Amino acid sequence: MNRIAKAAVAVAVSIAVSGAGAPAFGRAPKALMVMVDGLRADAVENMPMPTLLMLRDGKWQPGYKGCYSWTAHTLYDARPSSAANHTAIATGVTAKKTGVFNNGETPKGNYAEWPGWLARVVDAKPGVKALFTYTWDGDKGLSPHPKVLDVMAPSVENWPATPGAYDDYGRFVPDILAEAGAPDAVVCFIGTGDGGGHRSGFYPYGNDYVRNIKAVDRMIGDMLASIASRPSFKDEDWLIMVTSDHGGYGRGHGIWGGQATTIPVVVAGRNVPSGRLVGMPRNYDLAPMALAHFGVDVSPFLPSVNE
């Protein structure tokens with residue numbers, strides 16, 4: 001096993017197997033995973049993104065801690081494009097296992113053998129309600145499951161250029177999370193950053209990219225505010241996970257290495273470790289953490305980081 005693979009295994013094992021993702025005693029496990037399209041790791045502090053920094057520093061809510069990596073990476077066996085990495089984040093395994101290497105291949109993924117973590121949770125825990133919501137039609141057919149609500153929502157890729165666009169999707173997920181009987185496990189894809197990067201460049205000083213990434217941070221903040229406003233929040237144990245599918249160079253992101261493949265990972269929860277994660281975590285390392293949080297077996301799942 002090479003050095004990078006060993007580091008990935010260490011991260012996944014230390015977080016998931018050790019029980020770091022396990023729910024707090026007596027509280028109902030809940031989880032929100034946010035996949036941000038086109039978020040470079042260096043953008044988080046240089047924009048800045050106050051919501052992600054708050055999660056990183058463990059300042060979201062009393063009793064919650066934060067851990068992070070600014071040196072996390074995308075898939076090593078597929079280029080830093082959206083479909084392959086969305087599928088990896090959702091399933092927790094590499095492109096070699098899902099068979100999704102390029103955009104347009106999502107519906108053909110090997111989900112019978114490697115389903116998404118939401119599907120695994122609802123199968124193992126029949127009472128859990130799950131939602132997968134996204135704005136990019138390339139995510140249609142990503143690990144479909146009859147018990148996982150699949151919703152393609154209005155896009156906000158043109159926010160703030162289009163007045164009112166933020167309200168279409170920016171409030172969609174927060175409003176759902178605030179409802180009584182809301183889903184227990186949510187995977188939310190936000191495509192706003194990618195649109196800005198393709199227009200003005202994937203740099204912390206690209207005008208459209210800066211505006212759109214700030215909008216992403218605001219959306220995540222609204223989701224967290226909705227969660228904290230729930231009357232049942234004190235009896236819930238939330239695991240918040242934020243990562244990206246790719247970064248970018250210039251106005252593109254399909255090249256190997258550097259800022260195209262270096263992305264952030266930010267996690268907040270009652271039982272996560274505090275501070276910077278060691279090694280080089282991958283964006284798909286979050287799925288076993290989510291499974292452990294719901295008390296779902298991760299033994300067939302963790303070996304994926306070796307391959």
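Asp 42 counts as partly exposed because its relative accessibility is 23%; here buried means under 20% relative accessible area, exposed over 50%, and partly exposed in between (1.4 Å probe, protein chains only). Its partner in a salt bridge is Arg 40, with the closest N and O atoms 2.7 Å apart. Arg 40, at 5% relative accessibility, counts as buried. A salt bridge means a side-chain nitrogen of Lys or Arg within 4 Å of a carboxyl oxygen of Asp or Glu, and the structure holds 10 of them.

Before going further, a word on what you're looking at. This is a predicted model, so local features need pLDDT of at least 70 and side-chain atom pairs count only at pLDDT 80 or more, while totals for chains, interfaces and linings use all residues. Residues are numbered from 1 along each chain as its sequence is written, and side-chain values use heavy atoms, with hydrogens and water left out.

Back to the charged pairs. Arg 56 forms a salt bridge with Glu 45, and the closest N and O atoms are 3.2 Å apart. This pair links distant parts of the chain, with Arg 56 in helix α3 (residues 50-56) and Glu 45 in helix α2 (residues 43-46), 11 residues apart. Helices (H or I, at least four residues) and strands (E, at least two) are DSSP runs, numbered from the N terminus. Arg 56 counts as buried at 17% relative accessibility, whereas Glu 45, at 44%, counts as partly exposed.

Asp 237 sits in strand β6 (residues 236-244) and Arg 270 in the loop between β7 (262-269) and β8 (275-276), so the pair ties together parts 33 residues apart in sequence. Both Asp 237 and Arg 270 are buried.

Those strands belong to an open sheet of 8, in the order β4-β3-β5-β1-β6-β7-β2-β8, with mixed pairing; two strands pair if DSSP finds at least two bridges between them. At the edges stand β4 (148-152) and β8, each with a single partner strand, so one side of each has no neighbour in the sheet. β6 and β7 run antiparallel and are joined by 4 bridges, and Ile 240 stands opposite Ala 268 in β7.

Ile 240 also turns up in the largest nonpolar core, a set of 40 residues, where it is among those touching the most other members, along with Leu 32, Trp 60 and Ile 220. A nonpolar core is a set of buried Ala, Val, Leu, Ile, Met, Phe, Trp, Tyr and Cys residues joined through side-chain atoms within 4.5 Å. Helix α10 (residues 207-229) supplies the largest share of this core, 10 residues. A second, separate core of 39 residues includes Ala 90, Val 187, Leu 277 and Ala 287.

Helix α6 (residues 117-124) is mostly covered, with 6 of its 8 residues buried; among them are Trp 117, Leu 118 and Arg 120.

Finally, how far can you trust it? The protein averages a pLDDT (the predictor's confidence in each residue, from 0 to 100) of 85, and 84% of the residues score at least 70. Confidence is highest in β6, at 98, and lowest in helix α1 (residues 3-17), at a mean of 42. Where pLDDT is low, the predicted coordinates should not be read in detail.
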